[in-house]
Amino acid sequence: MADAVSVPNKRSPVKPSGGVGSAAAQRRKEMAVMVGKERREALMRSKRLCRMGVGNDEKEVSGEDDDMMMDEELSFLEQQTLEAVEALKQAVFYQGKGVLLKRVNALRDLRRLLSKLEYPPVEVVLSNGGVPALVECLSFGSPDEQLLEAAWCLTNIAAGKLDDVKTLLPALPLLIAHIGEKSSPPVAEQCAWALGNIAAEGQDVRSIMLSQGALLPLAKLILSSKVSTVRTAAWALSNLLKGPDPSAATKLIKVDGIVDAILRHLTKGDDELATEVAWVVVYLTALSNFATSMLARSSLPRLLVDRLVSSNCMSLLIPMLRSLGNLLAGDSYVINDVLVPGHEIAANMIKAITKCLKSENRALQKESAWVLSNLAAGQIEHKRLIVHSTEVMASLIHLLSSAPFDVRKETAYVLGNLCVVSNEDGQTNVVLDHLIFIVGRGCITGFIQLVRSPDTQAAMMGLQFLELVLRGIPNSEGCKLVEAEDGIGAMERFQFHENDELRNMATMLVDKYFGADYGLDP
C-alpha cells in the first residue's frame with residue numbers, strides 16, 4: 001500500500017514547517033519529473049536516431065544537413081527509400097536460393113537511407129507497407145544480422161512523430177522477445193534502443209509495453225557487464241518509467257540484483273553511463289515510495305554526494321541532484337540518519353551544492369535550490385547547516401535578486417524554509433536569528449518582487465515571507481522594513497484579485513499590520 005498515493009503527493013518536503021514551509025510543500029507536489037521531461041525534450045532527437053548500429057563494424061553513416069539538402073535531393077532520397085521498401089517486401093516473400101542474403105541486403109539498403117538525415121523519410125516507409133515487412137524480418141529463428149538490421153530500421157522510424165510510432169505497435173512483442181536472454185547482445189541492445197524510442201512517446205504506449213512484459217528483460221540488461229548495453233537499457237528504462245503510474249518503478253526495484261547494479265554503475269561507470277543510470281534513479285525515487293525507501297537505506301545517498309563533489313559533467317550533475325532531492329523529499333531517514341550535521345557526508349553535500357549554485361548554468365542552479373529547499377524543510381540543525389555556510393547563503397541571496405524567475409522562485413523556497421520550524425504540536429515558529437540575517441542582507445526586495453509577479457505560487461510565497469517579517473521582527477521594525485520597500489502597495493494590488501487565497505491573505509496582512517493604528521505612538 002506504500003505506493004497507493006499518486007506521484008504529486010510524493011514531492012512534499014520531509015518536514016513542512018507551515019507558512020512558507022507549506023508553500024514549499026505545495027510546490028514540491030508539482031515537481032516530480034519536470035526536469036527529467038525538460039532534459040528528454042532537449043536531448044531526445046540526438047539520442048534517439050541511430051546512425052551507427054550496436055555491435056557493428058560498419059562506419060557511422062554521416063548525416064546530411066537537412067537545411068543544406070535541396071528539394072531535388074530530398075525527392076531523390078524519398079524515391080530511393082520507396083525503391084528500398086519495395087525491394088524489402090519482395091525479399092520477404094522471396095523463397096528461392098540466397099533468400100537470407102537478399103533480405104539482409106534489402107534491410108541494409110533501407111537502414112542506410114533511414115540513417116542519413118536527422119529527420120529520415122519515415123513517411124515513405126509507413127505509407128508503402130514497410131513496417132509489416134520489417135516485423136516479418138524479426139520472426140523467431142531469423143539470423144542475427146537480419147534481426148539487427150530490422151531492429152535498426154525500426155529504431156529510426158520510432159524516432160519520428162507520435163502517429164508514426166503508433167504504427168510500430170505490432171512490432172512490440174517481437175522487439176520485447178529479442179531483448180531476452182537467448183538473444184545475442186547486439187540484437188538485444190538494438191531492440192532495447194527501439195523500445196526506448198517507442199516508450200518516449202506517451203503513457204498510453206508505455207502502458208501497452210508494460211502489459212506486454214517489456215520491464216523485466218530491460219531490467220536484466222542493466223545487469224550486463226557490457227557498457228553500451230547497460231547505457232542503452234538504462235535510457236530505455238527511464239523512458240518506460242516516466243509515470244505517472246508508480247507500479248512499474250516498484251516492480252523494477254524488486255528485480256533481483258537491480259539495486260546492486262545501479263550502485264555499481266553509478267560508482268564505476270563513466271559519466272555517460274552514470275548519467276543514464278542516474279535518470280533511472282530519478283524516476284524510481286520520484287514515483288515509488290517503496291523504491292525510495294530501499295535506495296535511501298543503501299549506499300546511494302553517500303554515492304550521490306561523493307560524485308556530485310568530484311564531477312563537473314553537466315549532464316551527470318543534473319540527475320544526481322534531482323535524485324538526491326527526491327531522496328530528501330521522500331524519506332525522512334536520509335535527513336535524520338544520513339545527512340547528520342557534523343558528519344562528513346553533510347559537509348560534502350554543502351560543498352557540492354555550493355559548486356552547483358555558483359555555476360552559470362540555470363538548470364544546475366535550479367536543481368541545487370530544489371535540493372536545499374528539501375533540506376531546509378528539515379530540523380533546525382539542518383537549517384543551521386545551510387545558514388552557517390557563508391558561500392551557500394551568499395549564492396542564494398545573489399540568485400534571489402538576479403537569477404531568472406524560475407531559479408529565483410526555487411531560491412525563495414529555500415530562504416523561506418530556513419526561517420520557520422514546527423514545534424511538537426505542529427505549530428509554526430519563526431527562527432528569528434535566521435529571519436533577521438536574511439532580511440538584513442536585503443532579501444525583502446526579492447520577495448516583494450515575487451509578490452508582484454503574475455505567478456500565483458510565487459506571489460503566495462512572497463506574501464508568506466512578508467507575514468514572517470511582519471510577525472517575527474519585533475517592535476514594528478518588520479512593518480517599517482516592508483513599508484520602505486513599498487510592500488503595502490504590492491499587497492494592495494490583490495484587493496480585487498480573482499484568487500481567493502491571495503486576496504484574503506494580502507487583505508489580512510494589510511489590515512492586521514497596517515490598519516488605522518499603524519504608526520501611532522502607544
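Where in the chain is serine 224 found? In this predicted model, serine 224 lies in the loop that links helix H12 (215–222) to helix H13 (227–240). The side chain of serine 224 reaches the backbone nitrogen of lysine 226 at a distance of 3.0 Å. When residues up to four places away in sequence are not counted, serine 224 touches Thr229, Val230 and His265. Proline 185 is 39 residues apart from serine 224 along the chain, and the C-alpha atoms of the two are separated by 9.3 Å.

The protein chain contains 31 helices and 2 strands. Of its 522 residues, 56% are buried. The chain exposes about 21,900 Å², of which carbon and sulfur atoms supply 52%. Among contacts with a separation of 6 or more, 74% are accounted for by residues 24 or more positions apart.

In soluble globular proteins, nonpolar side chains tend to be buried together. The largest nonpolar core of the model comprises 171 residues, and Leu266, Leu284 and Ile386 have the most contacts inside it. Helix H16 (residues 271–287) contributes the largest share of this core, 12 residues. Leucine 266 touches Ala274, Val277, Ala278, Val281, Leu300, Leu303, Arg307 and Met320, with residues up to four places away in sequence not counted.

Ile386 also belongs to the buried residues of helix H23 (residues 380–387), together with Ile380, His382, Lys383 and Val387. These residues lie on the same side of H23 because they cover an arc of only 160° around the axis.

Definitions and conventions: Residues numbered from 1 in each chain as written. Predicted model: local features only at pLDDT ≥ 70, side-chain atom pairs only at ≥ 80, totals over all residues. Heavy atoms only, no water. Buried < 20%, exposed > 50% of the residue type's maximum accessible area, 1.4 Å probe, protein only. Helix = DSSP H or I, 4+ residues; strand = E, 2+ residues; numbered from the N terminus. Arc of directions from axis to C-beta. Core = buried A, V, L, I, M, F, W, Y, C linked by side-chain atoms within 4.5 Å. Contact = heavy atoms within 4.5 Å. Areas by Shrake-Rupley, 256 points an atom, 1.4 Å probe, with all protein chains shown as cover. Polar contact = N/O pair within 3.5 Å; in protein donor to acceptor, adjacent residues only side chain to side chain.
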